[in-house]
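Student: Could you take one part of this protein and look at it closely with me? I would like to follow how the pieces of the chain are put together, step by step.

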Amino acid sequence: MRRFLKLLCVLGTVLPLPLYAQSTINDVSWLSGCWQAVGGDAGSEEHWLTPAGGSMLGIARTVHGGKTVAYEYMRIHEEKNALIFTAKPSGKAEASFLLLSLDKQKVVFENLRPEFPQRVIYHLQDNGNLLGRIEGRLQDLDKGINFPMHKVSCTGK
């Protein structure tokens, strides 16, 4: 086992990084702006600041029956030639997810921890809508939850 680990360390210093590992925060700038949940109560939305200082900051709120029932603080940041998505959902521990894949309109972050979710996905669709998705294993079953959103003005009205 030690030989295998040593070999992995040596290969990691010799082989080039995958293209997505060389990504910068500007590669996900399409996520910036204000997004309203499709079919959600008024005020159910997600906001992302434009990239600056190697990071993007986001916040989300879910409203049901006129009351906030969930919220989340989020950050995507550059660290050691990679992008990391960190989320702090209402009342839960912070979790970080490493960039798994990235193209012009879709980003996938992954953390193979035992808790759900293991993947966080954002996909800017051709019609301009945003599909947020979390997925992974929950109670030995594959599960995915979609969060469809459309872009709205960030005026605060």
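Predicted model: local features only at pLDDT ≥ 70, side-chain atom pairs only at ≥ 80, totals over all residues.

Tutor: Happy to! Reading from the N terminus, the elements follow the order α-β-β-β-β-β-β-β-β-β-β. The part I would like to explore with you is the barrel: ten strands close into it in the order S1-S2-S3-S4-S5-S6-S7-S8-S9-S10, and their pairing is antiparallel. On average, neighbouring strands of this sheet are turned by 25 degrees against each other, if direction is ignored. A word on what holds such a sheet together: strands pair through backbone hydrogen bonds, and the pairing can be parallel or antiparallel.

To find one of the bridges yourself, look for methionine 56, whose partner in S4 is isoleucine 76.

While we are at tyrosine 71 and tyrosine 73, let us check how their rings meet. In general, a pair of aromatic rings is described by the distance of the centres and the angle of the planes. For tyrosine 71 and tyrosine 73, the ring centres are 5.7 Å apart and the planes stand at 65 degrees, so this pair is edge-to-face. The cut-off behind that step is an angle over 60 degrees. Tyrosine 71 has a relative accessible area of 38%, so it is partly exposed. Tyrosine 73 reaches 47%, so it also counts as partly exposed.

Across the whole structure there are six aromatic pairs. Ring pairs also link Trp48, Phe85, Phe97, Phe109 and Tyr122 into a cluster.

Lysine 80 sits in the loop between S4 and strand S5 (82–89), and its phi is positive, about 50 degrees, although it is not a glycine. Why does that deserve a second look? Most residues other than glycine have a negative phi, and most peptide bonds are trans. Lysine 80 has a relative accessible area of 77%, so it is exposed.

Next, move on to S6 (residues 95–102) and S7 (residues 106–110), an antiparallel pair joined by four bridges. These two strands make a hairpin with three residues between them. Within the pair, leucine 98 stands opposite glutamate 110 in S7. S7 also pairs on with S8 (residues 119–124), again antiparallel, through five bridges. Here lysine 106 has histidine 123 of S8 as its bridge partner. In the loop between S7 and S8 you will find proline 117. The peptide bond leading from phenylalanine 116 to proline 117 is cis, and its omega is near 0 degrees.

S8 then pairs with S9 in the antiparallel sense, over six bridges. Look for arginine 119, which stands opposite glutamate 135 in S9. S8 and S9 form a hairpin with five residues between them, and glycine 128 in that turn has a positive phi of about 90 degrees.

The walk ends with S9 and S10, antiparallel strands joined by nine bridges. Aspartate 140 lies in the loop between S9 (130–138) and S10 (141–152). This aspartate has a positive phi of about 65 degrees, although it is not a glycine. At 67% relative accessibility, aspartate 140 counts as exposed.

The largest pocket holds about 910 Å³ of space. Its lining has 36 residues, and those that lie nearest the centre are Thr62, Glu72, Pro89, Ile134 and Phe147. By residue type, the lining divides into 23 nonpolar, four polar and nine charged. For the protein as a whole, 30% of the 157 residues are buried.

How values were computed: Residues numbered from 1 in each chain as written. Heavy atoms only, no water. 1 Å grid on protein atoms, 1.4 Å probe; cavity = no way out; pocket = protein on both sides within 12 Å on 5 of 7 lines; lining within 4 Å. Points joined across faces, edges and corners; volume = space filled by probe spheres on them. Nonpolar A, V, L, I, M, F, W, Y, C, P; charged D, E, K, R; others polar. Pairing = 2+ DSSP bridges. Axes fitted to C-alpha atoms, helices over the stretch in contact; angles between N-to-C directions. Phe/Tyr/Trp six-rings, centres within 6.5 Å; stacked < 30°, edge-to-face > 60°. Buried < 20%, exposed > 50% of the residue type's maximum accessible area, 1.4 Å probe, protein only.
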